[in-house]
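Work through the following exercises with the sequence and the model side by side. Try each task before you read its solution.

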Amino acid sequence: SMIDAAVLIPVYRSPDGELHIVMILRNPGGVHGGQIAFPGGKHDPEDETMLDTALREVREELGLIVERNDVLAELPMEQTRTTGYRVFPFLARIAVPDRWQIAEREIAEIVDVKLTDLTRRDAHDKMIGRFPTWEKAQQVSFYRIGEHRLWGLSYRILQPVLARLAAGEWDV
């Protein structure tokens, strides 16, 4: 059976007018360890909705209180290819805190990326990836973020959103 989870894509506009996307680098270990991702996690029985899950997780992981009226979009559900998760993503504008209260057990660092750094042609690339659960190596698309690569589920969630953010579809 699938495990339901939710993630939040936090976005904000800096004083210079640039749009930023906030991601996290997960600590090594665990099923999605050592990867660039969005804050989020598994649906709890106490969460009434998937949005409640996303808002709770972003509060637990980043100490960030996101108001419901700052949630800009509910994005299409994506499934992980190998780990059996159904992930419900939400886009929300945030106010950047003076200092992040990160859950250091889970998160190595905050990764703050300018939208323009992701939409540059050289930020987008492909690699050959191979995983124990795959029958053969496959070509995988990714975004280069500093020395990191954003790929897999987070890539599939973010990729269709970038052009819409760049086009100013949402009021950030």
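A residue is called buried under 20% relative accessible area, exposed over 50%, and partly exposed in between, with a 1.4 Å probe and protein chains only. Helices (H or I, at least four residues) and strands (E, at least two) are DSSP runs, numbered from the N terminus. The model is predicted, so local features need pLDDT of at least 70 and side-chain atom pairs count only at pLDDT 80 or more, while totals for chains, interfaces and linings use all residues. Residues are numbered from 1 along each chain as its sequence is written, and side-chain values use heavy atoms, with hydrogens and water left out.

**Exercise 1.** Work out how many of the 13 residues of helix 1 are buried, and which elements cover them.

*Solution.* Begin with the extent of the helix: helix 1 runs over residues 50-62 and reaches 18 Å from its first C-alpha to its last, close to the 18 Å expected at 1.5 Å a residue (the expected span is 1.5 Å times one less than the number of residues). Next, go through the residues one by one, and you will find that 11 of the 13 are buried, among them Met50, Leu51, Asp52 and Leu62. Finally, look at what covers these buried residues, which includes strand 1 (3-13), strand 2, strand 4 (40-42) and strand 8 (107-114).

**Exercise 2.** Describe what is found at the start of helix 1 and which residue follows the helix.

*Solution.* At the start, a side-chain oxygen of threonine 49 comes to within 3.4 Å of the backbone nitrogen of leucine 51. After the helix comes glycine 63, whose phi is positive, near 65°.

**Exercise 3.** Is arginine 26 buried or exposed, and which backbone oxygen lies 3.3 Å from a polar atom of its side chain?

*Solution.* Arginine 26 belongs to strand 2 (residues 19-26). Its relative accessible area is 14%, and therefore arginine 26 counts as buried. The backbone oxygen in question is that of glycine 40.

**Exercise 4.** Find where helix 3 bends, and list residues of this helix that are buried.

*Solution.* The bend at a residue is the angle between axes fitted to the seven residues ending there and the seven starting there. By this criterion helix 3 bends by about 30° at glutamine 159, and proline 160 follows within four residues. The buried residues of helix 3 include Tyr155, Ile157, Leu158 and Leu165. Just after helix 3, glycine 168 has a positive phi of about 75°.

Technical notes:
A polar contact is a pair of N or O atoms within 3.5 Å; within protein, one must be able to donate a hydrogen and the other to accept it, and residues adjacent in sequence count only if both atoms are side-chain atoms. Contact means heavy atoms within 4.5 Å.
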